[in-house]
Amino acid sequence: MLFRSILNNPSGSNKVLKVNVLNVANYGAGAAYITINWNNGANITGTNFSIVSNVSVPANSTLNVIDKGTQYWLEENRSIGAVAGSANTFIVTCSYEDLS
């Protein structure tokens with residue numbers, strides 16, 4: 001398993017981040033599994049709450065996890081992370097606004 005921070009809003013940042021889009025692209029030769037978590041701690045610490053859990057993404061395809069209809073808000077000391085079953089298979093892109 002490979003754990004990666006996607007977006008981090010550390011304690012004391014005085015920021016609120018609105019996540020508009022989060023996509024996961026699998027550029028590997030075969031299907032691979034991914035989990036995207038919202039964490040109640042910065043740097044993917046604290047308790048994980050799955051946005052998507054253990055989803056199979058087919059080879060050469062993209063999974064739209066968050067879009068304008070399902071926005072997420074990151075207050076201080078919160079983060080979004082990814083857990084991949086395979087290293088070097090996914091590219092995760094995230095678009096957000098700083099609403100501070």
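The radius of gyration of the protein, a predicted model, is 13 Å, which agrees with the value near 13 Å that a compact globule of 100 residues would have. The C-alpha trace spans about 40 × 25 × 20 Å along its principal axes. Of the 100 residues, 34% are buried. Among contacts between residues at least 6 apart in sequence, 79% join residues at least 24 apart.

The secondary structure comprises 8 strands and 0 helices. Read from the N terminus, the order of elements is β-β-β-β-β-β-β-β.

Leaving aside residues up to four places away in sequence, Lys-18 touches Gln-71, Tyr-72 and Trp-73, together with Ser-95, Tyr-96, Glu-97 and Leu-99. Trp-73 is 55 residues from Lys-18 along the chain, yet the C-alpha atoms of these residues are separated by 4.6 Å. For Asp-67 and Ser-100, by contrast, a sequence separation of 33 residues goes with a C-alpha to C-alpha distance of 21 Å. Asp-67 is placed in the loop between strand S5 (61-66) and S6. With a relative accessibility of 32%, Asp-67 counts as partly exposed.

Aromatic rings were examined next. A pair of aromatic rings is described by the distance of the centres and the angle of the planes. The structure holds 1 aromatic pair. The pair is formed by Trp-38 and Phe-49, whose ring centres are 5.6 Å apart and whose planes stand at 50 degrees, so the arrangement is tilted. Trp-38 belongs to strand S3 (residues 32-39) and Phe-49 to strand S4 (residues 48-57), and the pair therefore ties together parts that are 11 residues apart in sequence. Phe-49 is partly exposed, with a relative accessibility of 40%.

The loop between S3 and S4 contains Asn-43. Most residues other than glycine have a negative phi. Asn-43 is not a glycine, but its phi is positive, at about 55 degrees. A positive phi, near 60 degrees, is also found at Asn-77, again a residue other than glycine. Asn-77 is located in the loop between strand S6 (72-74) and S7. The relative accessible area of Asn-77 is 31%, so this residue counts as partly exposed.

Empty space was considered last. Rolling a probe the size of a water molecule over the atoms shows where empty space is left. The largest pocket holds about 150 Å³ of space. It is lined by 14 residues, and those closest to its centre are Leu-2, Arg-4, Ala-84, Phe-90 and Val-92. Two or more lining residues come from each of strand S1 (2-9), strand S7 (78-84) and strand S8 (90-98). By residue class, the lining of the largest pocket divides into 10 nonpolar, 3 polar and 1 charged.

Key:
Residues are numbered from 1 along each chain as its sequence is written. This is a predicted model: local features need pLDDT of at least 70, side-chain atom pairs count only at pLDDT 80 or more; totals for chains, interfaces and linings use all residues. Side-chain values use heavy atoms; hydrogens and water are left out. Rings of Phe, Tyr and Trp (its six-membered ring) pair if their centres lie within 6.5 Å; planes under 30 degrees apart count as stacked, over 60 as edge-to-face and the rest as tilted. Helices (H or I, at least four residues) and strands (E, at least two) are DSSP runs, numbered from the N terminus. Buried means under 20% relative accessible area, exposed over 50%, partly exposed in between (1.4 Å probe, protein chains only). On a 1 Å grid over the protein atoms alone, a cavity is a set of points where a 1.4 Å probe fits but cannot get out, and a pocket is an open set with protein on both sides within 12 Å along at least five of seven lines; lining residues have an atom within 4 Å of a point. Grid points are joined across faces, edges and corners, and a volume is the space filled by probe spheres set on the points. Ala, Val, Leu, Ile, Met, Phe, Trp, Tyr, Cys and Pro count as nonpolar, Asp, Glu, Lys and Arg as charged, and the others, Gly among them, as polar. The radius of gyration is taken over C-alpha atoms; the globule rule is 2.2 Å times the number of residues to the power 0.38. Contact means heavy atoms within 4.5 Å.
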